[in-house]
Amino acid sequence: MSDTIAFGTEAWIKQLQVELNNSEAYAEAARNWEGDIYFIIKAAGSALSEDVYMYLDLWHGECRQAGIANPADFSPEFTIAGKVKSFKDVIDKKTDPMKAMITGKLKLKGNMAKMMRNVKAANQLVLCCTCIPTNFPLE
Amino acid sequence: MWYFRSPQMVFGEAALEHLDTLAGKRAFIVTDRTMVDLGFVNIIADHLQQAGLRHAVFSRVEPEPSLQTVYAGATELAAYAPDWIIGLGGGSAIDAAKAMWVLYENPDLSLEEINPFEPLNLRRKARLIAIPTTSGTGSEATWGAVLTDTGEQRKIAAGGPEMLPDIAIVDPSLPAKMPLRLTADTGMDVLTHAVEGYTATFHNDFTDGLCLKAIDLVFEYLPRVIKNGTADMEAREKMHNAATLAGLGFGNSMAALAHSLGHSLGAIFHVPHGRAVGLFLPCTIEFIRRGETPTRFYQISRFLGLPAATPAEGAESLAQAVKELSVAVGQPTSIKNALNASQTDFEAALDTLVDRAEADSLITMGARIPTTAETYRLFRYAYEGKAIDF
């Protein structure tokens, strides 16, 4: 576990920022993307004591800001919320992210028309998540 | 976790008689002018009368239905307040009916907001019957609706699981006199649905058999329909069933790259949907099989009895078989033969073609997702009809 980063921590989301900004594929796929996101990790059924809000500011293929936030710190354009296990299944590539959202394992809120035109960018973002050696705070 | 969804399927000779048994007060038929002229709307109306339902007709759906048409139809639909909506026609009419239904139940929603992630709360006011008159889109068995934003020259894939029709009536008498060119276009659409449904990342045990059966039926019966036309009703019926089987197959897995490229070409150059996706199918088989992720094309080839000693050989066999089928049924095998446009026009549109293809969510559903540079190359190779070698 020592070589892994705990999911839902400042270190993890900062590492995701690094991965995104090092990814040529993400930069290309998200070149037209403007919008920030909260990943809301639900504490229920996990070792977390409370819900965690991970914030990403994504702008034309670059991640300009990343960090753990309080719910009221930002009003991001999108939120993706789910249990630790649901995020784990996606990051472990056991579940396709689109499937996770269609089946309600991950709940997406925001401008859906915009999201549907940028699935390729979302796909690259998930791939960057999979590059992070991660341990998950499961119960 | 995943779901398998299907309408109640009514199929075979005289399947339309199922309409006689409907319970309700009012039905709203969404269709196009050709269906009126062919007398199909009157046939449906007679059945509805048998069931004691009144009806109204919206017959202004155009090929590749626009957002404006859907909004106009939804206004008339809301005024009539039916408890049944009937999509009668090809995929355009059925897709338009699905989208109008969503607006009827959710008057404050815009079409661009329809997505598979949020509930639409359908069936509070009406239910949907789909009656295909072409053998292609499989829209009667899927929850998607492809609409066209004519202002932006963009196809919009509007869909949510609730948009699956309640009943699909697959009556072989309806496509019997379909023009041969339309038969070939729609037949290639069936094949593309089935191949992509079998190979897309969402493929599953529940859809594999449907896709393989549909592929088998297309290779056997599409050339027969093109050769014999109306005289071969068995072949017509098999192709009609194949379209719905493929719809169920890809509707419960997913379509992929050939569709994203085809949607883009269709939106900008107005190439019929089936012709466009069929044109890209062999290119995308060749492209995807060269990726790092193992593919399943060779399994299709083995099922068809094509050479498939290795996965690569199987994929190449399938691509070749698709090309040969296209030629046999008179379909173009290159963009330049499919377009009424010069190479200059094509090159001028290339940036937009790539942009539109990349904005189509289906581009991520194959075993290999092209980079932007590869998408340019795919279009250029397809323009010339060159085999993909990258």
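Helices (H or I, at least four residues) and strands (E, at least two) in these notes are DSSP runs, numbered from the N terminus. I am working on a predicted model, where local features need pLDDT of at least 70, side-chain atom pairs count only at pLDDT 80 or more, and totals for chains, interfaces and linings use all residues. Residues are numbered from 1 along each chain as its sequence is written, while chains are lettered from A and ligands numbered from 1 in the order in which they are written.

**Entry 1: a loop in chain B**

I began with A81(B), which sits in the loop between α3 and β4 (84–89) of chain B. Its phi is positive, about 50°, although A81(B) is not a glycine. I noted beside it that most residues other than glycine have a negative phi. For exposure I call a residue buried if 20 or more other C-beta atoms lie within 10 Å of its own, exposed if 12 or fewer, and partly exposed in between, with C-beta atoms placed from the backbone. A81(B) has 13 C-beta neighbours inside 10 Å, so it counts as partly exposed.

Next I looked at A78(B), in helix α3 (residues 67–80) of chain B. A78(B) is partly exposed too, because it has 16 C-beta neighbours inside 10 Å. What does A78(B) touch, leaving aside its neighbours within four places in sequence? I found Y104(B) and P107(B) in contact with A78(B), where contact means that the C-beta atoms, placed from the backbone, lie within 7 Å. I also checked M100(B): its C-alpha atom is 9.0 Å from that of A78(B), and the two residues are 22 apart along the chain.

**Entry 2: a hairpin in chain B**

I moved on to β6 and β7 of chain B, which run antiparallel and are joined by 6 bridges. My pairing rule is that DSSP finds at least two bridges between two strands. Strand β6 (residues 144–149) of chain B is largely enclosed by the rest of the structure, because 5 of its 6 residues are buried.

The hairpin has 4 residues between the strands, and Q153(B) takes a positive phi near 50° there. Q153(B) is not a glycine. With 15 other C-beta atoms within 10 Å, Q153(B) is partly exposed.

**Entry 3: chain B as a whole**

I counted 14 helices and 8 strands in chain B. Its C-alpha trace spans about 60 × 45 × 40 Å along the principal axes. I then compared the radius of gyration, taken over C-alpha atoms, with the globule rule of 2.2 Å times the number of residues to the power 0.38. For 390 residues a compact globule would come near 21 Å, and chain B has 20 Å, which agrees. Buried residues make up 57% of the 390 in chain B. Of the contacts with a separation of 6 or more, 77% are between residues 24 or more positions apart.

Where does chain B divide? It splits into domain 1 (8–170) and domain 2 (180–384), with bounds from an automatic or database domain assignment. The C-alpha centres of the two domains of chain B lie 26 Å apart. Their contact takes 20 residues from domain 1 of chain B and 25 from domain 2 of chain B. On the domain 1 side, β7 (154–159) and β8 (167–170) of chain B each supply at least two residues, and β7(B) gives the largest share, 3 residues. By class that side has 7 nonpolar, 9 polar and 4 charged residues. I count Ala, Val, Leu, Ile, Met, Phe, Trp, Tyr, Cys and Pro as nonpolar, Asp, Glu, Lys and Arg as charged, and the others, Gly among them, as polar.

**Entry 4: chain A and its sheet**

In chain A I found an open sheet of 5 strands in the order β4-β3-β2-β5-β6, with mixed pairing. β4 (62–69) and β6 (106–109) of chain A stand at the edges with a single partner strand each, so one side of each is left without a neighbour in the sheet. The twist averages 15° from one strand to the next. I use axes that are lines fitted to C-alpha atoms, for helices over the stretch in contact, and angles that run from 0 to 180 degrees between N-to-C directions.

Strands β2 (residues 34–42) and β5 (residues 78–83) of chain A pair in the parallel sense over 6 bridges. In β5(A), A81(A) is the bridge partner of I40(A). Helix α1 (residues 10–22) of chain A packs on the sheet, touching β3 (52–59) and β4 of chain A, and its direction makes about 175° with that of β4(A). Helix α3 (residues 84–91) of chain A packs on the sheet as well, touching β2, β5 and β6 of chain A, at about 105° to the direction of β5(A).

**Entry 5: where the chains meet**

Last, I looked up the interface: 17 residues of chain B are in contact with 14 residues of chain A. The chain B side divides into 8 nonpolar, 6 polar and 3 charged residues.

Notes: Two residues are in contact if their C-beta atoms, placed from the backbone, lie within 7 Å.
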